[in-house]
Amino acid sequence: FSGNAWSLDPTVKLVQDNPCLTEFIASVLALPEPSASILSFTLRLAGILAASENRFQHLQQEKLLVRLFGRDGPLNSAVWEDASVRSGWVEGVHSMMHHQPALHFLCNGGGIDVIFTLQGDPSLFVASAASQLLVHMLTLSVESETTKPLSTKDCDWPACAQMIIKRIEDSLQSSSASHIEQSLKLLTSLFGSCRATWTEVLWLGIAKQIESFLTEETVQAQHMLANLLLNMAWSPVFCDTEGSFWALVTSALEHLTPVQAGPLAVGILRLYKCPQDVRIQALTVLLQPMDCILRAASQPLEYAGLLDESVSDPITVESLLSSKSSCASLLCQTLAHLEELLSLIRLPVDLPYTSLLRFLMTILQFCNGFLSPASPLGSTISRILINCFRVQRSALDVLAALSERKGCDTLIGSLFDVLLAYLESPNTSPTVLKKTFQATSKWLVRLQELSCSNSQWQQTEKILQDVFLVLQKRLCSPCWEVRDSSLEFLTVLIKCLRDQDEFRQSLLSSEVPRLTENLLEDPESYVRASAVTAVGHLAFITYFAPESPVIGNQYNKENTVAKLQEILSTDPEGFPRRAVISIFTKWLRQGCTGQLEDTEKFVSRVIQTVEHDLDWEVRLGGLELVEVFCSQTICQLGLPKCPYAPVSSAVTSSIHQNESLQIFCRAKLFSFLFQSLCDCDKPVGQRACDILLGLRGNFYPISTLKDSQGTGGSPAGHGIAWLQRTLRQGSLAQNFPTDGGNGVDFQDPESMMLALGTIDLEELHDELNKSSDHVEKSPQSLLQDILATVGTIEENEADCY
């Protein structure tokens, strides 16, 4: 059933015209023991019907709603024990809550008590839905039943709102921790979804009680307050106010534990409308663990911390960092918050970048045992953090993000000492090593920018040499994940730095290129794929650079290309083959294939290999190669990209058209494209159709399109008619004759012009792009799903909904 059609219909006509609806509800209510799934469905259905006020009144007259949602309904029966019935009840009530009669019906019938009880339901789905329902009812009551705006002086809440607010206030003042938590969740949801001014009136009535939770140690509700205050801070009702609200935020930052205050602090720092003193306090909370680490690691007379004063007692943070159970968690949370702030394009607050970098280096040195701090606290933290992978990964993520920010340049030499220690250490786990590679690549790009501006060539050269020395060892690692990460790292470096002379020289004077080519024969397919990508990018330096700094003939490009073509045709795994076709396409885009051999022959050989590949992503990659080749060929021959663009001369245009068509036929493009149209994997067919439509746009002016349809009498025409029928039937590719059977010669320009002009590519395009939803989401399909669940009540009953 579709709820929308009913809820939009304001009349009772639907129910009158279809008495079976009310008969169905009545018959379910007449059953002595209805099944939980049927009753749940009935509750939802009745709720949807009652969303219209007229239909609500009609169902009321029939005494159906009171027997479903009132005290005499399923509330007091054994079937209420089933969570699906409670869920159906809540959803049914939520659906009907669009008008005042429904609101009064529920409030007067004791429904508010039921919903407040369901907030603590053992089913999380029911509990969450009950909380959302209360928010919806409170908002509906205030906004539909008040005639003038509510003010703090003259607060005259409507009856239903009054009942809900009274229950919230009672819960907050109760001694029950679960009741307090439920009301705080409700308020968090309300302030997050409703931005009306009356929310401030509600808040003023409970603010003192909320504030007491921060100071009373007997109440364990502090962990819920961060979310509540953040939702309020995002609301214009509170963020624009002076005084009391922000004073409470300040108090929360002071009284919450560092773990609880962290999310609140980072949320405050993301706000633009926030008093400066609150922002400074939030930053101080966030930086406290950093400050503690720097002080603990500091030798006498060296750098000691970065905060002049703390928000909360520094001893609290120190005790958390010196405890094995909390140290890593607090640091990971702090690091995650810092990364979140660094990811923002515009930071509303200035972070102390140099101190932050020093903090990250210190943590990483603690974790690999390279730092022996003098202080007792430092020694304790160092023992706890040794080989702590969680903290290492988090710190390296922040380090990578920090490379985008200016102001850390003075420490860059020390930073690379730390990174190289991780790259060299046999204790670095593969996952941490991957993160180290990612951070190192970002900082190498930063270093390159710096050396260009301040002529620090020697430092850059030394660091690059050290990096390639480590990379040589890592490419020979017995662990395949390490070899794979090393190749990915090399690829990223080449992408970012291939235009820099120092980088190229350092790379080519190392063993890295040779070792990379060796890994094309690695036993692990992921590594072979990464080696293909790395070798493909390496070729831009070794083979395709205009003035390659390579001495002698140490790189044989014919051998490399032959190896890649062999992988494309023989590798048993899909990943390496996908990598090869991707690299070949990249080479073609960059105009490098002409340096290898005749581009036409290169493309032809590749697609003849690819068209028989069992991996659809490889075939799709082949189509991308074809698309690039067609585009480049047409542009080089001077044809306009757009079929509507003016051409200098019809004769010139015809010559160029004929020439490019002959090239495409010789390269055997058309047999691949038409075969791909029938591919059993839809994305392949869609891409082939797009390419053929593009080619037709180049070869046929709009006016002459379909002029060739009358040529069915020619032998070629018969073949094209067969081809069109075959394409309409969507025959599988393996049955598709590409050897000229049925009179279709895919290498004959005239036949291919006829095919492009005759075959209804638009119709094919629409068919290929048609979503399966037109079958799966039809009423017939839905009915089949419902019928299929009959007799399988235990399984799949949720599918009925």
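Q: What is the accessible surface of the protein chain, and how much of it belongs to carbon and sulfur atoms?
A: The accessible surface of this predicted model comes to about 37,100 Å², and carbon and sulfur atoms hold 52% of that area. A residue is called buried when its relative accessible area is under 20%. Of the 801 residues in the protein chain, 52% count as buried.

Q: How many helices and strands make up the secondary structure of the protein chain?
A: The protein chain has 42 helices and zero strands. As for its contacts with a separation of 6 or more, 71% are between residues 24 or more positions apart.

Q: Why does the span of helix α12 agree with its number of residues?
A: The expected span of a helix is 1.5 Å times one less than its number of residues. Helix α12 has 17 residues (177–193), so it should span 24 Å, and its end C-alpha atoms are 24 Å apart. Helix α34, residues 616–636, can be read likewise: 21 residues reach 30 Å from the first C-alpha to the last, close to the 30 Å expected.

Q: Which elements do the buried residues of α12 pack against?
A: They pack against α9 (111–118), α10 (124–145), α11 (159–173), α13 (198–215), α14 (222–233) and α15 (236–239). The buried residues of α12 include Ile 180, Leu 184, Leu 187 and Phe 191, with Gln 182 and Thr 188 also among them.

Q: Where is Pro 158, and is Pro 158 buried or exposed?
A: Pro 158 is found in the loop between α10 and α11. Its relative accessible area is 9%, so Pro 158 is buried. Leaving aside neighbours within four places in sequence, Pro 158 is in contact with Ser 141, Val 142, Glu 145 and Thr 146.

Q: How many salt bridges does a search of the whole structure find?
A: The search finds 26. One of the pairs is Glu 404 with Lys 442, whose closest N and O atoms are 3.7 Å apart. This pair links distant parts of the chain, with Glu 404 in the loop between α23 and α24 and Lys 442 in helix α25 (residues 430–454), 38 residues apart. Glu 404 counts as exposed at 52% relative accessibility, and Lys 442 as partly exposed at 37%.

Q: Which residue forms a salt bridge with Arg 578?
A: Glu 617 does, the closest N and O atoms being 3.6 Å apart. Arg 578 lies in helix α32 (residues 574–589) and Glu 617 in helix α34, so the pair ties together parts 39 residues apart in sequence. Both ends are partly exposed: Arg 578 has a relative accessible area of 27%, and Glu 617 is at 35%. Glu 617 also takes part at the start of α34, where a side-chain oxygen of Asp 615 reaches to within 2.8 Å of the backbone nitrogen of Glu 617.

How values were computed
Residues are numbered from 1 along each chain as its sequence is written. This is a predicted model: local features need pLDDT of at least 70, side-chain atom pairs count only at pLDDT 80 or more; totals for chains, interfaces and linings use all residues. Side-chain values use heavy atoms; hydrogens and water are left out. Helices (H or I, at least four residues) and strands (E, at least two) are DSSP runs, numbered from the N terminus. Buried means under 20% relative accessible area, exposed over 50%, partly exposed in between (1.4 Å probe, protein chains only). Contact means heavy atoms within 4.5 Å. Accessible areas come from the Shrake-Rupley method with a 1.4 Å probe; for residues, only the protein chains shown count as cover. A polar contact is a pair of N or O atoms within 3.5 Å; within protein, one must be able to donate a hydrogen and the other to accept it, and residues adjacent in sequence count only if both atoms are side-chain atoms. A salt bridge is a side-chain nitrogen of Lys or Arg within 4 Å of a carboxyl oxygen of Asp or Glu.
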